[in-house]
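Dear colleague,

I am handing over the structure we spoke about, together with a short account of what turned up when it was examined. Please look through the entry below before reading on.

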Amino acid sequence: MKKKVGVVLIVSMFALCLVALAGCGKSEREGSALKWAYEDLNELAKKDKIVDVDYVAKLDQLNVTVKSYGDPDKVFKVLNKDIKGKDIGIIYFHGYYGSSIDDKADILKHIGNLKCKSIMALGLAKSYYESTDHSWVNVLPKVNALYTETCEPFIKYDSVTKQKLASVKKLWLKDTIYDGIEVFSGLEELAIEAVVEEYDDRVSSDTIMNTQFTTPKSTMPATKKNGETVKPVEPYRDTFIFNHGVYAVDNIKRLKKIPKLSKLTIAPTFEKYDIDGYGADYIFAISNVRNDIMVNEPKQKISDNKYIKIDELVNLNSHLIEGSREATVNQFISSDLKGNYKKAKKFKLKKGKPKLNDKAVVYKISPYEANYSTKKKYYDNGSIQTKKDLGNSIKTPERADDYRYFVYVYPVYKYYGKYDKGTKAYTETYYIQVSDLKKKRTYKPIKVATAKPEKKFSYSGSIPKKHSGTVKESKIDKAIKKLG
């Protein structure tokens, strides 16, 4: 009995030892699911050369390029094995030169069927978004933020697919071009200046404010003599200098079409951002369209999730926009001038002399020899009168929609006769017409002055077809100021 027990004890101890040894030999893999995928895809790349991968540890970002002669099934089999059921970081799929429509369609179907649980941010090259196959949208329910260079490709998507895009709540944009953004009608957070692509020229930005570029230009990775790629130094992406100027207010106006938008995030893949005068102008411009949104606070870490009201950010940087505020506001007003003119034409006509006791937009037309109209019409060659032009007599807008009166100052011409060389002569009469946009009424035009054509006039080049008298600018300006 004792022998048998001894044998059993020895066998049991041996079994326990095996179990212990097996446990000791099995270790958990370090890092995130995307890091595992990078390591495994890198091994695949060494064997089959069908994929290129890069991994940015600080962002937990995997960049994947499936080559046109590769086998997407193999690539996505490895990728899905590592990310299945996991919450992953940023994944970006580069396009590959020479990929056919069928190649792209195959890859897009795989993207639409990624096996992860959730994706912090998904990005695809523009060539994928422009493809006729849109099956990638099937992954959107798992995506926290969608990255794109531009929204323009989505305008051509069919209505069913657009409905899926309307479910996107967070969008990362490479730049600040908003053409087509209305497709994302359910958008709640917009991130601009997002750096996702591997060789983006904004990848490192520990620079001073007066540098020419926001960030130093990056370079493609070098190669060793044997052809092996030298892995580039991972970018810091510490402080992004937001210095985007205001170039097209009609582009910014598109943000009005996103009713649920409540947050604007600047430089989401950087640790933080700072702002200069151009950037402050841009924020002010957006506040003229959407002053109901929150913006991440400058110099604060993105991870701290500190947001303030956009008007508060404008006020904090008011010293940076003192000299440009009026010009920015006038850009918005300029795009509304023709609409205001048409609107005012439909208002009820009122007698009496108007008094500008509130903010007004004064739009003065310059003489235009090529088109001497004999009645009032809209001209696009005028200028919005500034504080400097109007003095203290008339209040001017401080924001795009912050005015009550639309004042149209225009010339009307009447045929007077002909000069000896055939040039037609006209009298020029200037009028001022005031419209009260709040009360929806337009006052009868006020005549400023009439100028007859001179008996003789000089010219250079060919003989002009038309010529008119010229009402003095001083008379027009004086008449405008009297309305204040």
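In which loop is the place of Asn-305? Asn-305 belongs to the loop between strand E11 (294-296) and E12, and please bear in mind, for this and for everything that follows, that the model is a predicted one.

Backbone angles

In Asn-305 the phi is positive, about 55 degrees, although the residue is not a glycine. Glu-193 also has a positive phi, near 60 degrees, and is likewise a residue other than glycine. Glu-193 is placed in the loop between strand E7 (189-192) and strand E8 (239-242), and with a relative accessible area of 6% Glu-193 falls below the 20% limit and therefore counts as buried.

The sheet

The model contains an open sheet of 10 strands with mixed pairing, and the strands follow the order E1-E2-E3-E4-E5-E6-E7-E9-E11-E12. Strand E1 (51-56) and strand E12 (307-309) stand at the edges, where each has a single partner strand, so one side of each is left without a neighbour in the sheet. From one strand to the next, the twist averages 20 degrees. Within this order, strand E3 (residues 87-94) and strand E4 (residues 118-124) run parallel and are joined by 6 bridges; in one of them, Asp-87 has Ser-118 of E4 as its bridge partner.

Aromatic rings and charges

The count of aromatic pairs comes to 23. One of them is formed by Phe-76 and Phe-93, whose ring centres are 5.8 Å apart and whose planes stand at 20 degrees, so the pair is stacked. This pair links distant parts of the chain, since Phe-76 lies in helix H3 (residues 72-83) and Phe-93 in strand E3, 17 residues apart. Phe-76 is buried, at 1% relative accessibility, and Phe-93 is buried as well, with a relative accessible area of 1%.

Elsewhere, Tyr-341, Tyr-363, Tyr-378, Phe-406, Tyr-408, Tyr-410 and Tyr-431 form one aromatic cluster. Charged side chains are also found over ring faces: Arg-325 lies over the face of Phe-284, at 4.7 Å from the ring centre, while Lys-377 lies over the face of Tyr-379, at 5.6 Å from the ring centre.

A buried glutamine

Which residues does the side chain of Gln-433 contact? Gln-433 is found in strand E17 (residues 424-436) and is buried, with a relative accessible area of 7%. Its side chain makes a polar contact with the side chain of Lys-376 at 2.4 Å, and the side chain of Gln-433 also reaches the backbone oxygen of Tyr-443 at 2.9 Å.

Cysteines

A search of the whole structure finds 0 disulfides.

Technical notes:
Residues numbered from 1 in each chain as written. Predicted model: local features only at pLDDT ≥ 70, side-chain atom pairs only at ≥ 80, totals over all residues. Heavy atoms only, no water. Pairing = 2+ DSSP bridges. Helix = DSSP H or I, 4+ residues; strand = E, 2+ residues; numbered from the N terminus. Axes fitted to C-alpha atoms, helices over the stretch in contact; angles between N-to-C directions. Buried < 20%, exposed > 50% of the residue type's maximum accessible area, 1.4 Å probe, protein only. Disulfide = S-S within 2.5 Å. Phe/Tyr/Trp six-rings, centres within 6.5 Å; stacked < 30°, edge-to-face > 60°. Lys NZ or Arg CZ within 6 Å of the ring centre and 35° of its normal. Polar contact = N/O pair within 3.5 Å; in protein donor to acceptor, adjacent residues only side chain to side chain.
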